[in-house]
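Here is a short report on selected local features. Have the sequence and the coordinates open while reading.

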Amino acid sequence: MADQPQWKEAVILKPADLKKAEVEHSEKPLAQEIPVEQVVMVADETTKPVEKMEAVKKPSRWKRFFAGSVATLLGAAVIGEIYRLISWGFEVHPILGVTFSGLVGITFVGGILWLWQGMRGLRQLKIAEKLHQEAINLQDQKTHGQAAVLLKKLDHYYDNTPLTETFKTAIRQVDSAYNDGEIIRYVSHHALQAQDEAARRCLHRHSVQSGVMVALSPYATFDMWLVGWRNLKMLREIADIYGISPGAATQWKLLKKVLHNIAFAGLSEISIHAGSHLLSSSLTASLSARAGQGVGAGLFTARSGLQAIKLCRPLPVDEDAQKQLTSVTQSILVALKKS
Amino acid sequence: MGLGSKLKRLIGEDVLDDIQQQLKDVVEQGLDRHLKIAVTGLSRSGKTVFITSLVHHLLDAHQSQSLPFFEVASSGRIISVKNLSETSDTPFPLKQAIQDLGQQPPHWPASTVGLSEVKLAIRYRPASRLQRLVQETSTLYLDIIDYPGEWLLDLPLLNLDFNQWCDKQRTLFATEPRASLAKDWLAAQETIDWLAPADESVIKVLSDAYTDLLHTFRGEAYSLSMIQPGRCILPGQLQGDPLLQIFPVLFTIELNEPAPEGSYYQVLASRYEAYREHVVKRFYREHFSRFDRQVVLVDCLKALNHGKACFEDMKLAITEILQSFNYGSSGFIRRLFSPRIDKVLFASSKADHVTANQHHNLDKFLELIIQDAQRDMRFEGIETRCLAIASIRSTESAEAVLDGQTLSCLKGTRKENGEEVALFPGEIPTDLPREQDWNSNRFRFLDFAPRRLPLTDLKPEHHIRLDQAIEFLTKEMF
């Protein structure tokens, strides 16, 4: 009975039935007083949060067939080729064969380890994002007891990373009188102090470098590559600073998210960036156009660095983005004037 | 005749004094960054302890990490803090207060009977690189004044003449517990013809009785706050001055023309005017008209312990006092010429006397007391904040299992006898308690003796949210 309709069928009623229904309807209770004890309060209907509408992904069946078959074909070809290579090696000389098989083994094991590391980084990024959201929700709460759960999760998250010691000391120093919001702010500010400082310096260095390089590079086509190269290196370093396992997959995911966040930055962030751009443009008006481009590229790197910090940090950032961007602009200009 | 006295006669003493003071301030503030913080609070609300603890933590801020939420200190940008109080005419007895709190067993510093001043110079490294290019270090001068809370209650008199004051007191004396406590005194007032020529001795008897009454109102049993005039309770240098022999006339008299010269009414009115002019106005002009920031300390637990009358009285007193301050936005130029308070922190002191999970409720209850005052300030565009603080933490948090339920409680030393006690103080109501809830067993707050405050090596556990208080007050100055 799968194709039963969702609606009720139209029915023709007899007039007699109709009358009866009308009579029933008109029998209303008389006005009367009800003892207060007999009354049950009607609970307010709690407004349900509107569920997010998300586009349902419908993977095309043919696409899947195509991808699957291509992967199988390529895989089979590679395996066959490797097999032929090894057997050819053995035919020529056993030592050559052993060398080939050793190389293949090393490649295989290395690849698997690399993949695993990447997967671990991805998982860490995902957890960091979740923790970040939880921390943001708690940040302005004045309740008690909820932050302890989050702290436990954070502690678990940092287990087996170089950060675990400093993190544990910071947690130990949390005062018993703090409410949830204060705990989050305290830990966010004190547990990752060294990391924040290192990340800030890394961001500053790479932004200034890419800014200066773009300003000085003779070929415009080169600029894109320069900025991309510095950006990727910076992302890897920032992820490393915050204890996220590096790997191509992690880096790729991070880059994707950073670009996504920059592209869909909120209005406030846009105004911040516009502000710093205005400031820098008034400063660079006296300089050449290439210097302006340099500042632009540096700011872009700095912005993506800030986004990367936000993504890698499991706790909300309380630093002023505007300050950071202004300081990057200043440094680029100072470096350009020197050269 | 000197130029000064000529000028004085021409424009009047007050104005000239004001101009002189302002010029002095401008010179001082133009050269350096200056901030004057008013610590306001009724008597026994913890002003002295607040100032002592704050100064003590600040003086140690360059080496200890006791103020984690005070950004300039926690990021290690404070180079040193110097105590310049000695340059003031009446330095704050900081050493004595710290000694009181640091000895074994420690005790609370004695309550203030006179006016004193703290001046601090905080040398720090500016945060922004740009500022650091110009100046490697900066200095912020911080002025805090300590004075008896009783004197503060005179400030509302500035806007009232004798007649209006009597009207206000009449409504006040019509409510309990004042009405029944003052029955005899009120009866004595009725027997007097206020327009008849005054007899000094009668006035003295009545004013002595009035002073006794004020002491009773203020005492442990009733803990009322609205005690006017404040110098009757705590005369300071005015001890025995006939100026203090004043009291409101609560007996309604029809005054169609000014009261005859030398009559009871006229004598009291002129004394009131003189008191207002020479005591209150001077106090206000010299110390209270020029502030940038304000802390209002409120002892909510006292109100909860003493019931509705105490609560209502406290609310009235705080609302009236706060009307005497200048509020409004205070930009750079404004701060140079006529500073106005642009940030107010309402702090419920003694947050350590309740369990940590009740701090939020304490905030809410504080809002009930200050809601009228806060509304006026918001209207003026002033940033306000409520914070549950403890300048010195005197309890430790503990847990106890009662009837199978885990309760968070407090462990501390009783103030009266030095015994160690553990207490579940109950929950603080977030709404005004009903008639039957006051004085029931719903909450009970004891007075604790302080825990020892060490001379060095201060830690965040020696206070509650003192760092957030100072961060809120001075944030954008650093």
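## Annotated segments in chain A

Helices here are DSSP runs of H or I that are at least four residues long, and strands are runs of E with at least two. The model is predicted.

Over residues 92-116 of chain A, 96% of the chain is helix and 0% is strand. The end C-alpha atoms of that stretch lie 36 Å apart. Residues 65-86 of chain A are 100% helix and 0% strand. Their end C-alpha atoms are separated by 31 Å.

What does UniProt list for residues 65-86 and 92-116 of chain A? The unreviewed entry gives both under "transmembrane region". Such annotations may be inferred rather than shown by experiment.

## Cysteines

A disulfide is a covalent bond between the sulfur atoms of two cysteines. The cut-off used here is 2.5 Å between the sulfur atoms. How many disulfides are there over all chains? The count is 0. A:Cys312 is in none, and its nearest cysteine sulfur, from A:Cys202, is 10 Å away. B:Cys300 is in none either. For B:Cys300 the nearest cysteine sulfur belongs to B:Cys386, at 8.7 Å.

Are these two cysteines buried or exposed? A:Cys312 has 0% relative accessibility, so it counts as buried. B:Cys300 is buried too, with a relative accessible area of 1%.

## Strand E3 of chain B

Strand E3 of chain B covers residues 116-124. Of its 9 residues, 7 are buried, so the strand is largely enclosed by the rest of the structure.

E3(B) pairs with two strands, E2(B) and E4(B). Strand E2 of chain B, residues 78-83, runs antiparallel to E3(B) over 5 bridges. In this pairing B:Asn83 stands opposite B:Leu120 of E3(B). Strand E4 of chain B, residues 138-146, is also antiparallel to E3(B), over 9 bridges. There, B:Ser116 has B:Asp146 in E4(B) as its bridge partner.

In a regular strand the side chains alternate between the two faces of the sheet.

B:Ile98 sits in helix H5 of chain B, residues 94-102. Its relative accessibility is 9%. Buried means under 20%, so B:Ile98 counts as buried.

Which residues does B:Ile98 contact, leaving aside its neighbours within four places in sequence? They are B:Thr52, B:His56 and B:Leu455. B:Pro109 lies 11 residues from B:Ile98 along the chain, and their C-alpha atoms are 8.1 Å apart.

Notes
Residues are numbered from 1 along each chain as its sequence is written. Chains are lettered from A and ligands numbered from 1 in the order in which they are written. This is a predicted model: local features need pLDDT of at least 70, side-chain atom pairs count only at pLDDT 80 or more; totals for chains, interfaces and linings use all residues. Side-chain values use heavy atoms; hydrogens and water are left out. Buried means under 20% relative accessible area, exposed over 50%, partly exposed in between (1.4 Å probe, protein chains only). Two strands pair if DSSP finds at least two bridges between them. Contact means heavy atoms within 4.5 Å.
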